Amino acid sequence: MLIDHPLLGLRDSSEFIYMGDAKLLNRPNWKSKNSKTKFIDYGYLRKNPAGVHKELWYHEQGDRSWLVVTRNTVTHEILKVELARYLKRKANAK
Amino acid sequence: MKYSGIKVLWEGLRGNMGWKPLWRNPDPKKSYDIIIVGGGGHGLATAYYLAEKFKITNIAVVEKGWLGSGNIGRNTTIIRSNYLLPQNQPFYEFSLKLWENLEQELNYNSMVSQRGVLNIFHSDSQRDAFVRRGNAMLMSGADASLLGVNDLKKIVPFLDFQNSRFPIKGGLWQPRGGTVRHDAVAWGYAKEADSRGVDIIENCEATNFLVKNGRCYGVETTKGVIKSKKVGVCVAGSSSQVMGKIGINLPIESHVLQAFVSEGLKPVIPGVITFGAGHFYVSQSNKGGLVFGGDIDGYNSYAQRGNLPVIEDVCEGGVALMPMIGRARLLRIWGGIMDMSMDGSPIIDKTKIKNLYFNGGWCYGGFKATPASGFCYAHLLATGTSHHDAKDFLFNRFEKGRLIDEKGQGNQPNLH
């Protein structure tokens, strides 16, 4: 698989480390209600879809950026690649 | 149908016209005591042990494709009980004991071949870890012995003992481990379950569960609604898809694992050999092909095919361990979808919906577990309580912090 890195262009997926569902970007607030349940969900439970999946890839052997890759888990087709830090900044600005 | 030497001779003389199909092809009845979703190795074993040990025969096994079309038909056929943790090892030893008597019990030749499993180690610290593992195996009643370089040179002289980066220092040897003809396991369980009255319904996909007031009372299928008192899901590889139909998220990611077969060669590999410095394991099939594999690809996938980097990595591991296979040509590569759980261990448990049970999360160790998984799942379905050897394979271990993390990798499924 080739991942179209927003800054570096097409890179081989073997340069990256895979970290799974991009929901890991949204860590629950430990002070919130039901935070225990939320952390169990955050740490251990996954939707694991057959189809479009947003997931984290870390460019360890490159610029060490975290990417959010939107990929089809049935065909391995990569639909969209974004920098995780930009997504996070955008979400925080709201 | 009963198999025997005399029967083979008799049929040989009569032009083999008397063989019959091993199982019926029934239409589903309106209701059953138990429906098992998934006609793979584990599902069929569950049906067999329910009928044989727990005397429940009003059972349907519904299978989306043809019988045994999932991971029972696409694994690398290894059986062993060389685990470390006390929650795992007794279970796998129980499984190995069931394997040893499987052919007699099912009256079916599944070619259980106990030629031994050898785990190679390459450093002092790895030796210490394997000594510990060997002791854990002995304590569970399994067999294990530690072999030095001189012992290894007698049985596997072709290894690269003097490899400059990973010299071979010895191995952990389990003589009772080995390989089994994987498809024949599904067929044998199907034959015996069917002969006890279990309905095996192929090409019948479970499309939804019938749930009312938090109780499950049947499944909707492509062949209509089937009611039952209990439903047991047993669909490793598609667990998240099936449980997702009623909104249950599992501690599981689906990953693709590739397997490889070389062209047929003369007998050369005794038993199963694993590389200690990378991830590579190999055995030789009865047809002569080297059957080998290594790591999962490492990203969520339902594709049943992998990518080239892992193929390269596995082949590099193989050549580092035994350079002689560098000239063997690769014949086939395929992929299967694994339920990779958050701690690398399986789940055999009730769900939060009453009368709905779950068996899955086998990572890439499901084949060797087939008999014990079926037995323990049958125990849970029949009695409502966990079998002694599977009492820790529960959903709540994640929230309770009782993870069974054989490899010590934490909640990252692609590392288990």
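Helix H10(B) is mostly covered, with 16 of its 18 residues buried, and in this predicted model the helix carries a kink of about 45° that is centred on B:Ala372. Just after H10(B), the backbone at B:Gly384 takes a positive phi of about 80°.

**Nonpolar cores**

- The largest nonpolar core has 114 residues, and those with the most contacts inside it are B:Ile35, B:Val37, B:Ala47, B:Ile59 and B:Val61.
- Helix H10 of chain B, which spans residues 366–383, gives the most to this core, with nine residues.
- Because domain 1 (5–78 + 182–251 + 343–415) and domain 2 (113–176 + 253–341) of chain B both give residues to this core, it lies between them.
- Apart from this core lies another, of eight residues, among them A:Phe16, A:Tyr18, A:Leu67 and B:Tyr299.
- In soluble globular proteins, nonpolar side chains tend to be buried together.
- When its neighbours within four places in sequence are left aside, B:Val37 is in contact with B:Val62, B:Ala206, B:Val219, B:Val231, B:Gly232, B:Val233, B:Cys234, B:Val235 and B:Val242.

**Domains of chain B**

- Chain B is divided into domain 1, made of 5–78 + 182–251 + 343–415, and domain 2, made of 113–176 + 253–341.
- The C-alpha centres of domain 1 and domain 2 of chain B lie 28 Å apart, and the contact between these domains takes 23 residues from domain 1 and 19 residues from domain 2.
- On the side of domain 1 of chain B that touches domain 2 of chain B, the residues divide into nine nonpolar, 12 polar and two charged.

**A hairpin in chain B**

- Strand E9 (residues 206–212) and strand E10 (residues 215–221) of chain B pair in the antiparallel sense over six bridges, and B:Leu210 stands opposite B:Gly218 in E10(B).
- The hairpin of E9(B) and E10(B) has two residues between the strands, and in this hairpin B:Asn213 takes a positive phi near 50°.

**Loop residues of chain B**

- B:Phe280 has its place in the loop between strand E13 (272–274) and strand E14 (281–284) of chain B, and B:Phe280 counts as buried because it has 24 C-beta neighbours inside 10 Å.
- Although B:Phe280 and B:Gly293 are 13 residues apart in sequence, their C-alpha atoms are 5.7 Å apart in space.
- Leaving aside its neighbours within four places in sequence, B:Phe280 is in contact with B:Thr274, B:Phe275, B:Phe292, B:Gly294, B:Val314, B:Gly317, B:Gly318 and B:Leu321.
- Most residues other than glycine have a negative phi.
- B:Thr77 is a residue other than glycine with a positive phi, near 65°; B:Thr77 is found in the loop between strand E2 (59–62) and strand E3 (78–79) of chain B, and with 21 C-beta neighbours inside 10 Å it counts as buried.
- B:Gln304 is not a glycine either, yet it has a positive phi of about 55°; B:Gln304 is found in the loop between strand E15 (289–300) and helix H9 (308–321) of chain B, and it counts as partly exposed because it has 16 C-beta neighbours inside 10 Å.

- Among contacts in chain A between residues at least 6 apart in sequence, 47% join residues at least 24 apart.
- Where the two chains meet, 18 residues of chain A are in contact with 21 residues of chain B.
- Strand E3 (17–21), helix H1 (35–44) and strand E4 (52–58) of chain A each supply at least two residues of the side of chain A that touches chain B, and the largest share of that side, three residues, comes from H1(A).
- By residue type, the side of chain A that touches chain B divides into seven nonpolar, eight polar and three charged residues.

Conventions. Residues are numbered from 1 along each chain as its sequence is written. Chains are lettered from A and ligands numbered from 1 in the order in which they are written. This is a predicted model: local features need pLDDT of at least 70, side-chain atom pairs count only at pLDDT 80 or more; totals for chains, interfaces and linings use all residues. A nonpolar core is a set of buried Ala, Val, Leu, Ile, Met, Phe, Trp, Tyr and Cys residues joined through C-beta atoms within 7 Å. A residue is buried if 20 or more other C-beta atoms lie within 10 Å of its own, exposed if 12 or fewer, and partly exposed in between; C-beta atoms are placed from the backbone. Helices (H or I, at least four residues) and strands (E, at least two) are DSSP runs, numbered from the N terminus. Domain bounds come from an automatic or database domain assignment. Two residues are in contact if their C-beta atoms, placed from the backbone, lie within 7 Å. Ala, Val, Leu, Ile, Met, Phe, Trp, Tyr, Cys and Pro count as nonpolar, Asp, Glu, Lys and Arg as charged, and the others, Gly among them, as polar. The bend at a residue is the angle between axes fitted to the seven residues ending there and the seven starting there. Two strands pair if DSSP finds at least two bridges between them.
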